[in-house]
Amino acid sequence: MALLALEDLTVRFRTRGGTVHAVNGVSFDLEAGETLGLVGESGCGKTATGLAMLRLLPRPAGRVEGGRVVFAGRDLLSLSEAEMRDLRGREIAMVFQDPMTSLNPVLTIGTQLIETLVAHRQLRGAAARGRAIELLEIVGIPQAARSLRRYPHQFSGGMRQRVMIAIALALAPRLLIADEPTTALDVTIQAQVLELIEELTRESGTAVILITHDLGVVAGRTQRICVMYAGFVVETATTRQLFAAPRHPYTVGLLHSIPRPQATGIGELIPIEGAPPEQLTAPSGCPFAPRCAWRIAACWVDNPALVPLTRDGTVAGEVVNTGPQATHRLACHNPASAEEARAGRPLRPGFEAAPPPTDILAVQPAGSAA
Amino acid sequence: MIGSPTSAARRPGDAAAPYPAPGGATPLPPRPLLEVSGLAVHFPIRQGLFFSRQTGTIRAVDGVSFTIDRGETLGLVGESGCGKSTTVRALVRLLRPTAGSIRFDGVELTRLEGDALRELRRRFQMIFQDPYSSLDPRLTVEAIVAEPLEAHGVGTARERAARVAELLDAVGLPPAVAERYPHEFSGGQRQRIGVARALALQPELVAADEPVSALDVSIQAQIVNLLKQLQQRFHLTYLFVAHDLAVVRHMSDRVAVMYLGRIVELARAEELYRAPLHPYTVALLSAAPVPDPLIEARRRRIILSGEVPSPAAPPPGCRFHTRCWLRERLGRPEACETVDPAVRSVLDGHLVACHFAEQVGASAEQRRATGGGNEDAGWTDGGIGQTKGEAENPRSRGGRD
Ligand SMILES: Nc1ncnc2c1ncn2[C@@H]1O[C@H](COP(=O)(O)OP(=O)(O)OP(=O)(O)O)[C@@H](O)[C@H]1O
Ligand SMILES: Nc1ncnc2c1ncn2[C@@H]1O[C@H](COP(=O)(O)OP(=O)(O)O)[C@@H](O)[C@H]1O
Ligand code: SF4
Ligand code: SF4
Ligand SMILES: [Mg+2]
Ligand SMILES: [Mg+2]
């Protein structure tokens, strides 16, 4: 049995503008020690998925509307608040994009680290302090003992992120959810922080969900990837398979949006035109249709389900959820061929994206071009 | 050809020119649009509330020289705090430089004041990083884009409205957005509004300070392409600032790498990415993620130890010596700690400030960072979907040893 199984997770936010359909039936499994990338543009539901797992959705706006989160055999959504509190930090930890929002600004780093150790590890006094110093040393904070007395604002962004990692990994959790842990950082610091997460989790066998909007970041850091769009998983595969043979037009678009630092062969960037939908209603068709160059008439009216895929496009044999043999799955009526994925656009002669049905055209907002 | 930065040094009477004049090449190239030489911006550190006294100096920009030719894009990269924004703000005279010379189309900017400055300022504009805070939330898009026109008394109200419509169209926004407010737009759309405003006065030089850093990759690509297209259409010259090397590579003809208030390397873009000569550039390149799991599995990064030292107390000698991998490799030669390396021209027009730049060219680190050499090959033009086979996914996070 997998360490973590998300089954049809559905999250809604109630706002003044209406109900945001943030996460729409997301399912995936994760084995112990596995690393999964959760990738998509901002607003596509990555953070909401992470927060829902830990039951940290902002209240009262955010609510899990359906589905299950099964972690080590227990359904997290039905645990008591006390059981959940005990589990957070000890079994599942989360690192956020902006460490300032999760560190308490009026407490020293030492107090916050030691608090975690005392609460979960029954360490006291000097022992707790000693372990705290050790942890700061592990994450590369210079003058660890002195740093215990400092406040979060006295650290740079990269250092704060290290402190967060020290706190998150203090209890050797079985699952770490890292939500854009390096988006605000320089490449050099990004490399340091990701390397650190990788090293520490490898040692402890901790499974990692790495959330990011940049496919480039997860290329070398994950074993599998779920690509999300508008609250749906639209494509999932092993990292190698996804990069070698992306099929979903959105994945293809993301890949062609990334500038490459290579010395040669800088092709043109092919951006995904437009912007993600606001998700105030459930999509009537494929949520990506308004931006998709591959769309056919069916795309406007039928939202495709995530189904297994094999090389020749048919399902064959056993479907595998995790590990290096995980089945490539796709939610698309008209996937990109290998040549099209490489070119970044449809290549079939005379093919044109299907125009929206006239009634949809009538309600397209004027400013929907990004 | 786009002139090398050394062209400034060839003019007689320019004694302050920091670069050695190359031999050969006799005909004088056309004068660059922008010539910056020895630019410094220092901020005083003050202490005490009432009788504040200066207790130190932040050397945010500390002797920076470069030129930009007409129609060219110069990229400026470096880590947070290295002085990129301060350089840009000094160029557009949002800040008064402490020292140095800035010539725009031959006119010395640093001494210009009042109307003369205002008049010249029409010709260079700025785009800011943060599309959220750089637009006044109380103004409509129309008022925001028309603001520079009004400030310079350009046209009648009706002509200005027509110009705004034209600009919005140029940046890919429908005319209806004119009546709306910034908060109604996504980050990418707001950046388009910022670009429209910057273009209102038909500037020649546009300094863009991290214009895509706050955006998702998908939207980044839209803005990068838009900026390139506008450059063609309006014959713009760009100074393009970013901390992302790949984005800079895409935008720029030449690239300058900054570290602690100085330019440590400046070369044509292909050259810089193919054969970086400063240990810092090599480290930056090696840290940049490559969107290809097969390449990532083979790469070995140079992890720079520690963080950038404070510009209030830059290290003596070479400013990079506290984090330099090459210095370690060479057994900590004394020169690194005692002698501030001058900017020198190594190959034609390839400028570098390192005593041992020649050693970088021969290092395995350079080969690995750029993908050259055989043992780590693979950093070629490999596009999407070209990494055939190997779908069996070995534990890819274990790529380094
Ligand atoms: N007005 C100011 N007063 C004092 N120090 C300043 C001021 N503006 C900038 N600095 C300092 O000067 C140095 C360079 O800052 P600058 O904003 O130019 O860096 P940058 O390269 O643009 O960095 P980033 O990538 O974070 O935007 C920093 O150490 C900064 O703290
Ligand atoms: N506290 C909140 N209140 C209302 N809507 C929210 C809240 N947090 C997120 N949302 C909405 O839910 C959707 C998914 O958001 P999020 O999970 O944060 O996306 P991501 O992490 O992928 O950027 C978005 O449409 C977002 O606007
Ligand atoms: S082809 Fe159709 S189903 Fe596939 S992504 Fe495009 S719009 Fe969606
Ligand atoms: S001069 Fe010395 S310390 Fe500076 S970059 Fe070169 S090798 Fe490194
Ligand atoms: Mg998020
Ligand atoms: Mg800046």
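This is a short chat about the surroundings of two ligands in a predicted model.

User: Hi! Let's start with ligand 2. How many residues surround ligand 2, and which are the closest?
Analyst: Ligand 2 is surrounded by 13 residues, and the closest are Gly43(A), Gly45(A), Lys46(A), Thr47(A) and Ala48(A).

User: Which helices or strands supply at least two residues each of that shell?
Analyst: In chain A, these are β1 (4-15), β2 (18-30) and α1 (46-53).

User: And which gives the most?
Analyst: That would be α1(A), which gives three residues to the shell around ligand 2.

User: How do the shell residues divide into nonpolar, polar and charged?
Analyst: Around ligand 2 there are six nonpolar, five polar and two charged residues.

User: Nice. What about backbone atoms and the oxygen atoms of ligand 2?
Analyst: Gly43(A) has a backbone N or O atom 2.7 Å from an oxygen atom of ligand 2. For Gly45(A), a polar backbone atom is 3.0 Å from an oxygen atom of the ligand. Cys44(A) also has a backbone N or O atom 3.3 Å from a ligand 2 oxygen.

User: How much of ligand 2 does the protein cover?
Analyst: On its own, ligand 2 has 560 Å² of accessible area, and the protein covers 69% of that.

User: Switching topic: which residues are around ligand 4?
Analyst: They come from chain B, and among them are His278(B), His321(B) and His355(B). The list also includes Cys318(B), Cys324(B), Cys336(B) and Cys354(B).

User: What else is in that list?
Analyst: Pro279(B), Phe320(B), Leu326(B) and Phe356(B) are also around ligand 4.

User: How many of them are nonpolar, polar or charged?
Analyst: The shell around ligand 4 has eight nonpolar residues, three polar and no charged.

How values were computed. Residues numbered from 1 in each chain as written. Chains lettered and ligands numbered in written order. Predicted model: local features only at pLDDT ≥ 70, side-chain atom pairs only at ≥ 80, totals over all residues. Heavy atoms only, no water. Near = heavy atom within 4 Å. Nonpolar A, V, L, I, M, F, W, Y, C, P; charged D, E, K, R; others polar. Polar contact = N/O pair within 3.5 Å; in protein donor to acceptor, adjacent residues only side chain to side chain. Areas by Shrake-Rupley, 256 points an atom, 1.4 Å probe, with all protein chains shown as cover. Helix = DSSP H or I, 4+ residues; strand = E, 2+ residues; numbered from the N terminus.
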